[in-house]
There are 2 protein chains.
Amino acid sequence: MGGNALKADAAGLRRFMASALAKVGVPERDAATTAEILVDADLRGIESHGLLNFYDYYYKKVRDGDIQGRPRIRVSRGSPTTAVVDGDNGLGLVVGHRAMEEALSMAEESGSGWVSVCGSNHCGAGAYYVLMAARRNMLGFHVSTGGSTVAGPGGTGRLVGNNVIAFAAPAKKHDPFVLDMAPTMAIANKIRRFGWEGKPIPPGFAVDRKGEPITDPEEYFRQEGAILPLGSSPLYGIHKGFGLILMVDILAGVLSGDGGSTLRKKGAETHAFGALRIDAFPSGADFPGLMEEMIGRIHGAPTVEGSGPMRYPGERMGRVYRERLRDGIPLNEAMIADLRKLSAEQNLPLEDVFIR
Amino acid sequence: MGGNALKADAAGLRRFMASALAKVGVPERDAATTAEILVDADLRGIESHGLLNFYDYYYKKVRDGDIQGRPRIRVSRGSPTTAVVDGDNGLGLVVGHRAMEEALSMAEESGSGWVSVCGSNHCGAGAYYVLMAARRNMLGFHVSTGGSTVAGPGGTGRLVGNNVIAFAAPAKKHDPFVLDMAPTMAIANKIRRFGWEGKPIPPGFAVDRKGEPITDPEEYFRQEGAILPLGSSPLYGIHKGFGLILMVDILAGVLSGDGGSTLRKKGAETHAFGALRIDAFPSGADFPGLMEEMIGRIHGAPTVEGSGPMRYPGERMGRVYRERLRDGIPLNEAMIADLRKLSAEQNLPLEDVFIR
């Protein structure tokens, strides 16, 4: 991406996306929340979960009635620290944001809060929700079911979800610790990228209906191959990745009454959100200093010659965020095409979005 | 192990271990708890965390004063659902059991409970603690720091712990779901086993001080090599294993005021325990049925020819538990030697332990 490539201004992009959603009936506040979470992903360098999904997934599904623009989200508490949210097939980002707010509010009052969510849709990057907690001096947890494209150990077809596990902790002067991962070998976009780059899928990533490795990215999509859980083989720990995937299914899908990625009773996505207030632990005052020391130990660890210092999860995200807030969000051709299409379709100006 | 090999009766073994601990000053109730948790690991087929560690680790450390037989465990609540436990350098199993009881009791009252623990020692198999929750119709969480023998991505030496993540959920007529894993390529005993079996360490498991692969198990111990995080390489997801290891360090070490496996301020182990009451979620009544359905889906999944049906985490553990409770716990030479040594040292009879 050269210095003259087209970039987007974060604030302008947010306004543009929110306006587009408002045009298809999303209430102003929910449209703003959705735009905020998606642009945040682009700012942090999580391009697979931002603008790239806006036109074809979020906007179009609301426009076409596949996702409810004005859902009646139902929040039911069962105890001072536990609740279930039914998203009424609303935008996953709106439902997720509401659910995490509920978890934070319970943690504020009682130390911890846990919310399991059914009837939702793709809720974007998990990093956003767990960072909501970190900004309020809490530990944030998030899990979500993903598309059921993953095989179990020894399996020959798609069985479980490409699920997500996310966790964040504040780190004083450093950028927050943010883990945001799928306990699988790859998400679909990574398989696509191998194709774009003309590379084969590495061994151990995906299998066909006979359980044989698939190496051709096109074959993966043509045959509806299955991704493998993290670990990839019995010797290398595939049962660990599989176990983590199922843990997500239990916390998000089974606990919320839906069933998760193997069952999909209500045909929609499920999530869970959790928060632990750090100062609700009597040792909480030591937390910031110990996080700094831990990070210092990681930065100071000896590494292989020429590889530079070791980094912790969330560090790159934080650096990219500051750069892109200042310099703009780099746009690729697919993003630009989507923006122009939307601009024409809803007669929305792009002047405030593009910067050079 | 043939049909005539020496086995141990679970109840007899429990009494023997508890008596041995009592002889070195552990209060009766704590001795019983310790024996209960260790024998439970052997019953479930987690031999690496049971009797095998009894003589050389738990018993000897108490006898020699390295672990306090009569610790003053301090429990400090900071909110209705959060607490810190300082184990006062007591037996990890006693400290862990006390901490999990605290988490369960908070969850009973308020829906959820979270306890972070410092000043402890090795607390045995995580499966035990999370199953305490599952038996009370709760979801159980446990994390623990382990020996600091693991490298970070690109690292050339030992930096972080061989940490543990455990999770359990009840499953109605089925054995509970139990995940009990290290987010690393191996625990030390697995490296030893490669040596006993005359096999090389597979590529991607361990590195030397230059970051080069170590394949000889003896070299691993001689050079104090480092295990790699789950994922093993950048392409295969080493950053995911590393992130999970650090998440454990934050929940157990940083939150409890100790610092975790990179810092080890108090020189001891740290843990965390969590519980979520299923019936504190308004959808909780659907949980048992949905767990059964999920397991049915796993059992029915097509698998590679000749490999048999797919299993879920905890299934083998449950089957082995019932077999060993009925037929006895198989003993290997090291276990038998330890038992005889202890019997002689403390003049404790072995009649009730051995069965054939």
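## Chain A against chain B

In this predicted model, 72 residues of chain A are in contact with 72 residues of chain B. Contact requires C-beta atoms, placed from the backbone, within 7 Å. Several elements of chain A each supply at least two residues to the side that touches chain B, among them strand E2 (74-79), strand E4 (112-120), helix H8 (238-254) and helix H9 (287-299). H8(A) gives the most, with eight residues. By class, this side of chain A has 37 nonpolar, 29 polar and six charged residues. Here Ala, Val, Leu, Ile, Met, Phe, Trp, Tyr, Cys and Pro count as nonpolar, Asp, Glu, Lys and Arg as charged, and the others, Gly among them, as polar.

Residues are numbered from 1 along each chain as its sequence is written, while chains are lettered from A and ligands numbered from 1 in the order in which they are written. Because the model is predicted, local features need pLDDT of at least 70 and side-chain atom pairs count only at pLDDT 80 or more, but totals for chains, interfaces and linings use all residues. Helices (H or I, at least four residues) and strands (E, at least two) are DSSP runs, numbered from the N terminus.

## Nonpolar core

The largest nonpolar core has 242 residues. Such a core is a set of buried Ala, Val, Leu, Ile, Met, Phe, Trp, Tyr and Cys residues joined through C-beta atoms within 7 Å. Ala103(A), Val130(A), Ala206(A), Ala103(B), Val130(B) and Ala206(B) touch the most other members. Leaving out residues up to four places away in sequence, Ala103(B) touches Gly113(B), Trp114(B), Val115(B), Phe273(B), Gly274(B) and Ala275(B).

## Helix H3 of chain A

H3(A) spans residues 54-63. Its buried residues are Phe54(A), Tyr55(A), Tyr58(A), Tyr59(A) and Val62(A). They cover an arc of only 120° around the axis, so they lie on the same side of H3(A). The arc is that of the directions from the helix axis to the C-beta atoms. The cover over these residues includes helix H1 (10-23), helix H2 (28-43) and helix H11 (333-346) of chain A. After H3(A) comes Gly65(A), with a positive phi near 80°.

The axes of H3(A) and H11(A) come within 10 Å and cross at roughly 35°. Axes are lines fitted to C-alpha atoms, for helices over the stretch in contact, with angles from 0 to 180 degrees between N-to-C directions. Phe54(A), Tyr55(A) and Tyr59(A) of H3(A) meet Asp338(A), Lys341(A) and Leu342(A) of H11(A). This contact has four nonpolar, no polar and two charged residues.

## Three-stranded sheets

In chain A, three strands form an open antiparallel sheet in the order E11-E1-E12. Strands pair if DSSP finds at least two bridges between them. The edge strands of chain A are E11 (329-330) and E12 (354-355), each pairing on one side only. Two bridges join E1(A) (residues 7-8) to E11(A). Ala8(A) has Ile329(A) as its bridge partner in E11(A).

Chain B also has an open sheet in the order E11-E1-E12, with antiparallel pairing. Two bridges join E1(B) to E12(B), where the partner of Ala8(B) is Phe354(B).

Most residues other than glycine have a negative phi. Lys172(A) has a positive value, near 55°. Lys172(A) sits in the loop between E6 and E7 of chain A. With 13 C-beta neighbours inside 10 Å, Lys172(A) counts as partly exposed. A residue is buried if 20 or more other C-beta atoms lie within 10 Å of its own, exposed if 12 or fewer, and partly exposed in between; C-beta atoms are placed from the backbone.

Glu224(B) has a positive phi of about 50°. Its place is the loop between helix H7 (217-222) and strand E9 (226-227) of chain B. Glu224(B) counts as exposed because it has 11 C-beta neighbours inside 10 Å.

Notes
Two residues are in contact if their C-beta atoms, placed from the backbone, lie within 7 Å.
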